[in-house]
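The exercises below are meant to be worked with the sequence and the model side by side.

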Amino acid sequence: MAQDSIPIDPKSGFCKSNSIFYSKRNPIPLPRNESLDIATFISSKAHSGKIAYIDSSTGNYLTFSDVWRAVDSVSNSLSVDLGIRKGDVILLLSPNSIFFPVICLSVMSLGAIITTTNPLNTSQEIGKQIADSKPVLAFTTQSLLPKISAAAANLPIVLIGGESNKFKSDRIVSSLEEMMKKEPSQRRVKERVNQDDTATLLYSSGTTGASKGVVSSHGNLIAMVQTVLNRFRYNEEAGVQTYVCTVPMFHIYGLCAFASGLLASGSTIIVLSKFELDEMLSSIEKYKATYLPLVPPILIALINSADKIRAKYNLGSLQTVLSGGAPLSKEVIEGFVGRYPNVTILQGYGLTETTGIGASTDTLEESRRYGTAGLLSTSLEAKIVDPDTGENLSANRTGELWLRGPTVMKGYFSNPGATTSTLNSEGWLRTGDICYIDEDGYVFVVDRLKELIKYKGYQVPPAELEALLLSHPEIADAAVIPFPDKEVGQYPMAYVVRKAGSDFSESAVMDFVAKQVAPYKRIRRVAFVSAIPKNPSGKILRKDLIKLATSKL
């Protein structure tokens with residue numbers, strides 16, 4: 001049904017005849033050419049930028065011509081020397097780097113599939129992803145080599161940094177530096193890549209605790225790039241913008257903005273290998289950064305230390321901060337505006353399953369609709385559905401947010417059950433977020449069906465930690481909840497039922513978990529109880545535990 005042929009409320013974007021909310025943003029043109037990959041699409045975008053990526057710690061940089069020359073050489077080497085073909089999965093385990101986008105684009109240009117993982121993950125966690133995604137090759141750094149070795153003993157490796165011949169291992173088949181030096185060969189196999197072909201396989205935490213591979217197509221990424229470009233209205237008059245990359249590139253937020261989207265705009269990206277507040281601030285000053293994407297805990301740190309920061313750093317170039325991960329309160333927004341009056345604060349909401357796109361505020365006026373995630377992103381449609389009855393709801397009524405549009409994933413990798421329970425036959429994605437859309441079309445996230453804990457922007461599934469706790473011989477039952485914290489957003493807290501006769505301590509619980517998970521997943525508070533509250537079907541009543549935990553705050 002054509003959108004312009006149905007009656008839509010111009011204020012809310014709601015259509016009574018089909019109960020769909022339509023985006024109030026201007027629609028964006030998407031390329032009709034089906035035979036198109038994301039790397040070719042990005043490289044075809046015209047801009048006036050010169051420097052693409054700068055390493056904040058060393059000052060090393062890549063120009064745009066350097067990036068595309070490197071992509072050509074690396075993709076050629078992958079194809080000719082290592083036999084990588086369309087559909088092969090390639091693992092990338094690396095901190096943020098100016099070479100991270102080069103690897104991603106090289107892999108995707110072949111029609112191969114990039115899967116990224118968190119460098120903080122344990123070998124056990126990385127091993128689970130490897131077992132599920134079955135990569136044929138991995139890119140990693142020297143410092144992370146032991147994790148790969150422990151996770152998958154026979155996986156061939158391309159080393160990032162250093163020369164491969166210095167390492168006496170048959171598993172190291174090449175180095176990125178060697179690949180980048182090679183001249184492209186005519187022997188490269190060029191397979192046709194279509195927009196519907198899989199480009200990325202990023203892992204998203206679910207309520208079951210089992211991390212699921214989100215399958216995104218080249219078309220999903222192309223729509224995402226177009227949305228990013230449209231949101232910030234890049235044009236020649238605006239000039240080249242400079243961004244500081246504070247968020248991890250392995251995550252959809254970082255991949256969306258820094259490894260693909262902004263590359264098409266001619267922007268310069270200052271890459272921090274890991275987040276450190278002083279390095280971020282000195283990079284803004286040194287490189288005259290104009291845009292700063294971040295997560296709420298960093299924003300709060302900027303507010304709380306504003307006087308010290310302004311005394312030490314010149315942030316006069318900064319025009320905009322972009323916050324994602326959780327809606328900002330009135331106190332946070334006005335606290336920031338009061339301390340940084342010349343900087344506009346914008347917000348964004350998205351999921352791995354929607355290629356990082358969902359809703360956004362694009363002006364300070366929109367951000368001052370306090371608590372909102374913003375207006376629906378261009379080309380997206382939404383429904384608010386009562387999770388109990390399945391009824392489609394109108395404006396200002398609360399239910400689960402469903403999204404449909406060109407950035408919605410193809411499905412979950414090798415998991416048809418999870419796919420059909422999340423993505424229906426009409427293309428609607430059940431987000432797992434309890435929301436309402438107000439009379440002016442603004443999306444408000446009220447609660448989460450998914451129950452994920454948000455620690456510094458990282459997602460922590462309670463069920464994963466609960467399964468781990470229940471594996472201990474002295475624990476009879478356990479529940480994990482989000483505990484609010486001003487600095488990190490939320491951290492995992494465990495309620496534990498000890499087995500009879502056990503004197504298992506709080507520190508012992510935390511140590512047991514810490515040895516087996518990435519640092520951001522660690523239990524940071526423990527309470528012992530006689531029983532975990534559950535409903536008649538056995539589901540943990542987390543809201544009761546959250547109320548109990550926070551009642552003394």
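**Exercise 1.** Leaving aside its neighbours within four places in sequence, which residues is Thr 352 in contact with?

*Solution.* Before starting, note that this is a predicted model, in which local features need pLDDT of at least 70 and side-chain atom pairs count only at pLDDT 80 or more, while totals for chains, interfaces and linings use all residues. Residues are numbered from 1 along each chain as its sequence is written, and side-chain values use heavy atoms, with hydrogens and water left out.

Step 1: list its contacts, where contact means heavy atoms within 4.5 Å; with neighbours within four places in sequence set aside, Thr 352 touches Leu 202, Ser 204, Val 214, Ser 216 and Ile 252.
Step 2: check the accessibility, which is 12% in relative terms, so Thr 352 counts as buried (buried is under 20% relative accessible area, exposed over 50%, and partly exposed in between, with a 1.4 Å probe and protein chains only).

**Exercise 2.** Find Arg 188 and decide whether it is buried or exposed.

*Solution.* Step 1: Arg 188 belongs to the loop between α6 (176-181) and β10 (198-204).
Step 1: its relative accessible area is 17%, and Arg 188 is therefore buried.
Step 2: apart from neighbours within four places in sequence, Arg 188 is in contact with Asp 72, Ser 75, Asn 76, Ser 79, Val 80, Ser 109 and Leu 110.

**Exercise 3.** Describe how helix α2 and helix α3 pack, giving the angle and the distance between their axes.

*Solution.* Two packed helices are described by the angle between their axes and the distance between the axes. Axes are lines fitted to C-alpha atoms, for helices over the stretch in contact, and angles run from 0 to 180 degrees between N-to-C directions.

Step 1: α2 (residues 64-80) and α3 (residues 100-109) pack at about 50°, and their axes are 8 Å apart.
Step 2: α2 and α3 are therefore oblique to each other, given that angles under 35 degrees count as roughly parallel, over 145 as roughly antiparallel, 65 to 115 as roughly perpendicular and the rest as oblique.
Step 3: the crossing of α2 and α3 is right-handed; that is the term if the near helix is turned clockwise from the far one by less than a right angle, and left-handed if anticlockwise.
Step 4: residues making the contact include Val 67, Trp 68 and Val 71 of α2, and Val 102 and Leu 105 of α3.

**Exercise 4.** How are the axes of α15 and α16 arranged, and which residues make the contact?

*Solution.* Step 1: α15 and helix α16 (residues 506-514) pack at an angle of about 110°, with 10 Å between their axes.
Step 1: α15 and α16 are therefore roughly perpendicular to each other.
Step 2: α15 passes α16 in a right-handed crossing.
Step 3: the contact is made by Leu 465, Leu 468 and Leu 469 of α15 together with Val 509, Phe 512 and Val 513 of α16.

**Exercise 5.** Which residues of helix α17 are buried, and what do they pack against?

*Solution.* Step 1: in α17 (residues 542-550), the buried residues are Arg 542, Leu 545 and Ala 549.
Step 1: viewed down the axis of α17, these buried residues fall within an arc of 60°, so they line one face of the helix; the arc is that of the directions from the helix axis to the C-beta atoms.
Step 2: recall that an α-helix has 3.6 residues a turn, so residues three or four places apart point the same way.
Step 3: the buried residues of α17 pack against α15 (462-470), β27 (475-485) and β28 (489-498), while the face turned away from the buried side carries the exposed residues Lys 543 and Lys 547.

**Exercise 6.** Where do Lys 134 and Ser 414 lie, and are they buried or exposed?

*Solution.* Step 1: Lys 134 is in the loop between α4 (123-133) and β7 (137-141), and Ser 414 is in the loop between β22 (411-412) and α14 (416-422).
Step 1: Lys 134, at 60% relative accessibility, counts as exposed, and Ser 414 is exposed with a relative accessible area of 61%.
Step 2: turning to the backbone, Lys 134 has a positive phi of about 55° although it is not a glycine, and Ser 414, not a glycine either, has a positive phi of about 50°.

Definitions and conventions. Helices (H or I, at least four residues) and strands (E, at least two) are DSSP runs, numbered from the N terminus.
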